[in-house]
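The following account leads the reader through a structure, one part at a time. Please keep the sequence and the three-dimensional view at hand while reading.

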Amino acid sequence: MDAKKLLYVDRRVIYLLVAIGALIPIIRPIGLPTVPTEPVWNLFNRIEELGPDDAVIISFDYGPSSEPELNPMAQAILRHCFQRRVKVLVMALFPLGGVNMAIGQLDRIASEFDGLEYGVDYVNLGYKDGAQAAMKRMDISIEALFPSDVNGDPVADMPVMAGARNYDDVSIVISLATGIIGEYWVNLVNAQFGVPVAVGCTAVSAPKYYAYLRAGQMMSLLGGLKGGSEYEKLLVDKYDFARELYETPEVKVSSAMAGMDVQSIVHLIIIVFIIFGNAMYFLMKKQEKEG
Amino acid sequence: MVSIGVWLNAFLTLCILSFLYKDNPFFRFAESLFAGMSLGYYIGLANQQTLMPNLFGPLFGDFSGNFVLLIPMALGILLYFRYIPKVAWMARLALAVYIGYYVGVMFLQKLHGEVLPQSSDTILRLRGIGGLDILWNVIFIVGVISVLLYFYFSAEHKGALGRISRVGIWFLMISFGASFGYTIMARISLLMGRFSFLVNDWIRPLVGAS
């Protein structure tokens with residue numbers, strides 16, 4: 001066996017195997033189990049404690065490039081908040097498409113619940129530039145920063161804003177983040193104003209958030225698609241409406257739980273290639289030694 | 001019935017994915033289109049969401065009450081002076097204000113939100129707790145100190161410093177491994193998003209499958 005030839009296998013062979021590994025679970029879902037972890041439980045339990053008198057901020061700090069990872073998370077959290085009838089203030093501090101993400105997700109999820117009223121139960125405050133300056137301003141007044149909502153309508157008369165004047169009235173800030181804005185919520189808003197912060201981030205940025213989580217600066221971390229799937233699992237286990245909803249084909253195919261099948265299969269393929277590459281490397285060294 | 005938007009979306013997705021085989025004109029077309037549209041979107045967004053409500057709207061609405069906004073407007077225009085060689089130096093004035101503002105904001109933010117809480121989190125108990133917790137705390141402290149010493153370059157990494165730095169490299173390697181695993185997860189999520197679109201929104205309706 002010529003180890004050198006095997007070691008330098010055409011990269012397109014690897015791409016092809018990864019593509020097959022990703023396609024099979026999409027065409028025929030496997031349904032591998034999901035086990036929620038403690039950081040995800042923390043957010044779920046916190047929202048379970050909240051009710052119609054409480055308000056949360058959900059900041060859509062991501063754009064279309066992170067949609068597959070963060071949309072399922074956003075949907076699950078919004079469904080949970082609306083089910084608990086918690087007042088939801090949606091905003092976007094990420095310039096490239098954050099507000100479009102917020103509009104799309106909020107409209108879709110709110111339409112699933114009967115009796116929810118825009119301006120009373122939830123509001124979309126739209127996009128605001130200058131993340132840190134905006135965050136600081138909200139400690140004084142959210143309404144001063146967002147005098148009108150995403151449609152240009154004044155928010156002063158909206159009942160939802162009466163119970164959310166500034167950070168003192170906000171039970172938790174949930175940032176769905178693709179870049180550094182999630183960090184700003186932690187190292188500025190939590191550190192300077194003491195507001196509990198949870199971050200749902202893309203997987204690539206999850207490792208850096210663990211330092212904040214460990215230090216108690218964040219109350220919850222949902223890392224990538226896995227974090228989203230864990231939240232969905234908790235929601236499905238707790239509520240019948242969620243169990244039925246996540247069984248429907250439209251919701252099921254775009255859920256994080258279904259996506260974790262793909263993740264597991266592709267991770268296995270990559271692990272096999274890492275082991276194979278290392279084994280061939282050592283075999284090649286041995287063959288070189290033997291001449 | 002598959003809409004023209006879905007067809008276009010599928011075509012552009014396949015154009016981008018074709019790069020995995022090799023570089024080709026379809027990929028370059030889709031790449032250029034994406035870059036151009038992103039820039040156009042960003043300019044439109046900056047105009048509609050930032051300049052109009054925060055600058056032009058207030059200035060045209062109530063000039064006497066908002067004339068102070070002319071100062072940030074002038075600073076913004078000054079930034080573009082760098083393209084005129086004779087007055088390029090004036091762009092530095094705006095940059096100086098910009099940098100000064102960010103240093104002021106970030107200094108407190110980093111100190112208060114990162115340096116102090118992260119430092120205090122490394123002060124851990126080694127007594128009065130369970131055996132396993134002691135072990136984890138020792139590993140944590142050894143990790144922090146050895147990695148910090150690895151990045152100490154004012155002395156040659158020999159002797160005790162060299163050995164501790166080697167330990168730091170191991171901790172760094174483990175953290176890089178964790179980052180690599182998460183990075184794969186992120187990239188596969190993106191691939192899955194595109195494949196899910198191709199299968200569920202394009203091919204399945206096309207062949208009439210549910």
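The model is a predicted one. Its chain A is assigned two domains: domain 1 is made of two stretches, 3-28 and 263-289, while domain 2 covers 38-254. Taken over C-alpha atoms, the centres of domain 1 of chain A and domain 2 of chain A are separated by 39 Å.

A:Ile20 belongs to helix H2 of chain A. With 12 other C-beta atoms within 10 Å, A:Ile20 is classed as exposed, because the exposed class takes in residues with 12 or fewer such neighbours. Along the chain, A:Ile20 and A:Val266 are 246 residues apart, yet their C-alpha atoms are separated by 9.0 Å.

Which strands pair with S4(A)? One is strand S1 of chain A, residues 55-61, which runs parallel to S4(A) and is joined to it by seven bridges. Within this pairing, A:Asp61 has A:Ala177 of S4(A) as its bridge partner. Another is strand S5 of chain A, residues 197-201, which also pairs with S4(A) in the parallel sense, here over five bridges. In that pairing, A:Leu176 stands opposite A:Gly200 of S5(A). The path from S4(A) to S5(A) can be described as well: together with helix H9 of chain A, residues 181-193, the two strands make a right-handed β-α-β unit.

Chain B has seven helices and zero strands. Its pattern along the sequence is accordingly written α-α-α-α-α-α-α. The radius of gyration of chain B is 27 Å, whereas the globule rule gives 17 Å for 210 residues; the value is well over the rule, so chain B is more spread out than a compact globule. Along the principal axes, the C-alpha atoms of chain B fill a box of roughly 65 × 65 × 40 Å. Of its 210 residues, 6% count as buried. Among the contacts in chain B with a separation of 6 or more, 23% are between residues 24 or more positions apart.

Chain B is divided into three domains, with bounds 1-61 for domain 1, 67-121 for domain 2 and 125-210 for domain 3. The C-alpha centres of domain 1 of chain B and domain 2 of chain B lie 29 Å apart. B:Gly76 is situated in helix H4 of chain B, residues 70-79. This glycine has 13 C-beta neighbours inside 10 Å and therefore counts as partly exposed. B:Gly76 and B:Ser189 are 113 residues apart along the chain, and 38 Å separate their C-alpha atoms.

How many residues does each chain bring to the contact? Chain A provides 41 residues and chain B provides 33 residues. On the side of chain A that touches chain B, helices H2, H4, H9, H10, H11, H13 and H14 of chain A each supply at least two residues. By residue type, the side of chain A that touches chain B consists of 24 nonpolar, 11 polar and six charged residues.

Terms used: Residues are numbered from 1 along each chain as its sequence is written. Chains are lettered from A and ligands numbered from 1 in the order in which they are written. This is a predicted model: local features need pLDDT of at least 70, side-chain atom pairs count only at pLDDT 80 or more; totals for chains, interfaces and linings use all residues. Domain bounds come from an automatic or database domain assignment. Two strands pair if DSSP finds at least two bridges between them. Helices (H or I, at least four residues) and strands (E, at least two) are DSSP runs, numbered from the N terminus. A crossover is right-handed if, with the strands pointing away from the viewer, the path from the first strand over the helix to the second runs clockwise. A residue is buried if 20 or more other C-beta atoms lie within 10 Å of its own, exposed if 12 or fewer, and partly exposed in between; C-beta atoms are placed from the backbone. Two residues are in contact if their C-beta atoms, placed from the backbone, lie within 7 Å. Ala, Val, Leu, Ile, Met, Phe, Trp, Tyr, Cys and Pro count as nonpolar, Asp, Glu, Lys and Arg as charged, and the others, Gly among them, as polar. The radius of gyration is taken over C-alpha atoms; the globule rule is 2.2 Å times the number of residues to the power 0.38.
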